[in-house]
Protein chains: 2
Amino acid sequence: MSDTAPSDAVINAWVRLVRAQQGVLGAVEADLKRAGFPPLGWYDVLLELRHARDEGLRPLEIEGRLLLAQHNVSRLLDRMERAGYVERRPCVEDGRGQIVVATHAGHDLMRRMWPIYQAAIDKHVGAKLQSEAQAQTLARLLGRLIDGD
Amino acid sequence: MSDTAPSDAVINAWVRLVRAQQGVLGAVEADLKRAGFPPLGWYDVLLELRHARDEGLRPLEIEGRLLLAQHNVSRLLDRMERAGYVERRPCVEDGRGQIVVATHAGHDLMRRMWPIYQAAIDKHVGAKLQSEAQAQTLARLLGRLIDGD
DNA sequence: TTAATCTTGATGCAGTTGCATCGAATGCTA
DNA sequence: TAGCATTCGATGCAACTGCATCAAGATTAA
């Protein structure tokens with residue numbers, strides 16, 4: 001909470017962070033859409049659900065892991081359920097809540113998306129870095145920006 | 001356009017790029033909103049207009065510099081014009097086009113936003129990096145992701 | 001137990017974005 | 001110069017997001 005003015009390097013990092021993400025994410029999403037797949041957010045949800053295995057996840061947990069607003073999770077699940085990729089089950093421990101699990105079609109979608117997704121990451125991130133070391137350094141520095149607030 | 005699978009480091013850089021930007025941008029936007037200011041996009045437009053000085057900019061140029069879709073620029077300018085921050089003038093060289101210039105209120109808004117914006121960048125980016133060198137390295141690596149394709 | 005409070009998830013409404021299309025003006029080709 | 005294709009910016013419509021609010025269930029305290 002300092003009143004310190006950020007240095008030029010910091011401002012530059014900020015500007016490029018926004019631009020780089022905007023460009024790369026846009027390009028990856030475009031590749032997925034071009035291949036006829038739903039947005040990346042759907043993949044993210046399915047991936048979290050796969051990590052949870054059979055137990056499924058509460059919407060609240062999805063919210064926390066993907067940093068989404070509550071009402072957005074609710075509606076994202078609506079769409080995914082309508083498309084047949086997830087299923088909402090009543091939660092026995094908490095009558096207010098529910099358990100979300102991926103359907104077979106959901107797992108299948110994830111499996112079919114991955115090759116395209118993977119290729120897009122390689123094309124729009126991997127190919128633009130010059131070495132493994134650069135990727136590691138970038139990941140490490142970005143990691144510093146993520147936690148703590 | 002290789003079929004190479006991205007390395008773990010590349011995938012990690014990708015994931016963190018998305019998360020870091022999401023978190024940092026959200027935090028900066030929240031700081032601005034809390035202070036009663038419009039979204040960052042408005043500042044971006046005004047900043048581009050200031051660089052253009054008196055000549056103003058064509059919507060097409062704004063589109064290119066900010067990587068926005070044409071229809072989004074059109075509507076963003078609608079809102080900013082309605083709020084009195086920009087003005088659209090007919091373009092003498094091209095009857096289809098127009099020239100966008102910032103009004104006095106627009107310049108003033110930018111001036112008033114900068115202290116808050118600056119503090120937010122420092123708080124959410126600068127304070128999380130450990131040195132000037134880290135900021136420079138991060139900016140350089142992010143720069144690699146921006147151009148060329 | 002009962003009442004007050006908090007948590008979980010859904011929903012109405014307004015604002016914003018994406019997509020397709022349109023009208024107007026320009027530039028190109030003949 | 002006439003006709004056709006292209007470019008510039010606007011707009012109708014559907015989808016998505018943010019915000020406020022709500023209902024139902026859980027938790028706490030008297």
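This is a predicted model: local features need pLDDT of at least 70, side-chain atom pairs count only at pLDDT 80 or more; totals for chains, interfaces and linings use all residues.

Q: Okay, how many residues of chain A are in contact with chain B?
A: There are 47 residues of chain A in contact with 46 residues of chain B. On the chain A side, the elements that give two or more residues are α1 (8-34), α5 (104-124) and α6 (132-146).

Q: Which of those gives the most to that side of chain A?
A: That is α1(A), with 16 residues on the side of chain A that touches chain B. By class, this side of chain A has 25 nonpolar, 14 polar and eight charged residues.

Q: And which residues have the most contacts inside the largest nonpolar core?
A: They are Ala13(A) and Ala13(B), in a core of 70 residues. Leaving aside neighbours within four places in sequence, Ala13(B) is in contact with Val125(A), Ala135(A), Leu138(A), Ala139(A) and Leu142(A).

Q: Several of those must be in α6(A), so which residues are buried in that helix?
A: In α6(A) the buried residues are Ala135(A), Leu138(A), Ala139(A), Leu141(A), Leu142(A) and Leu145(A). What covers them includes two helices of chain B, namely α1 (8-34) and α6 (132-146). As a general point, nonpolar side chains in soluble globular proteins tend to be buried together.

Q: What span should α6(A) have at 1.5 Å a residue?
A: Its 15 residues should span 21 Å, and the C-alpha atoms at its ends are 21 Å apart, which agrees.

Q: Switching topic, what about α4(A): which of its residues are buried?
A: The buried residues of α4(A) are Val73(A), Leu76(A) and Met80(A). Viewed down the helix axis, they fall within an arc of 65 degrees, so they line one face of α4(A). On the other side of this helix, His71(A), Arg75(A), Asp78(A) and Arg82(A) are exposed.

Q: What covers the buried residues of α4(A)?
A: The cover includes α2 (40-51), α3 (59-66) and β1 (86-90), which belong to chain A. As for what comes after the helix, α4(A) is followed by Gly84(A), whose phi is positive, near 85 degrees.

Q: One last thing, what is the phi of Arg53(A)?
A: Arg53(A) has a positive phi of about 55 degrees although it is not a glycine. In general, most residues other than glycine have a negative phi. Arg53(A) is found in the loop between α2 and α3 of chain A.

Q: Is Arg53(A) buried or exposed?
A: Arg53(A) is exposed, with 9 other C-beta atoms within 10 Å. Leu67(B), in the loop between α3 and α4 of chain B, also has a positive phi of about 55 degrees, and Leu67(B) is exposed, with 12 other C-beta atoms within 10 Å.

Methods: Residues are numbered from 1 along each chain as its sequence is written. Chains are lettered from A and ligands numbered from 1 in the order in which they are written. Two residues are in contact if their C-beta atoms, placed from the backbone, lie within 7 Å. Helices (H or I, at least four residues) and strands (E, at least two) are DSSP runs, numbered from the N terminus. Ala, Val, Leu, Ile, Met, Phe, Trp, Tyr, Cys and Pro count as nonpolar, Asp, Glu, Lys and Arg as charged, and the others, Gly among them, as polar. A residue is buried if 20 or more other C-beta atoms lie within 10 Å of its own, exposed if 12 or fewer, and partly exposed in between; C-beta atoms are placed from the backbone. The arc is that of the directions from the helix axis to the C-beta atoms. A nonpolar core is a set of buried Ala, Val, Leu, Ile, Met, Phe, Trp, Tyr and Cys residues joined through C-beta atoms within 7 Å. The expected span of a helix is 1.5 Å times one less than its number of residues.
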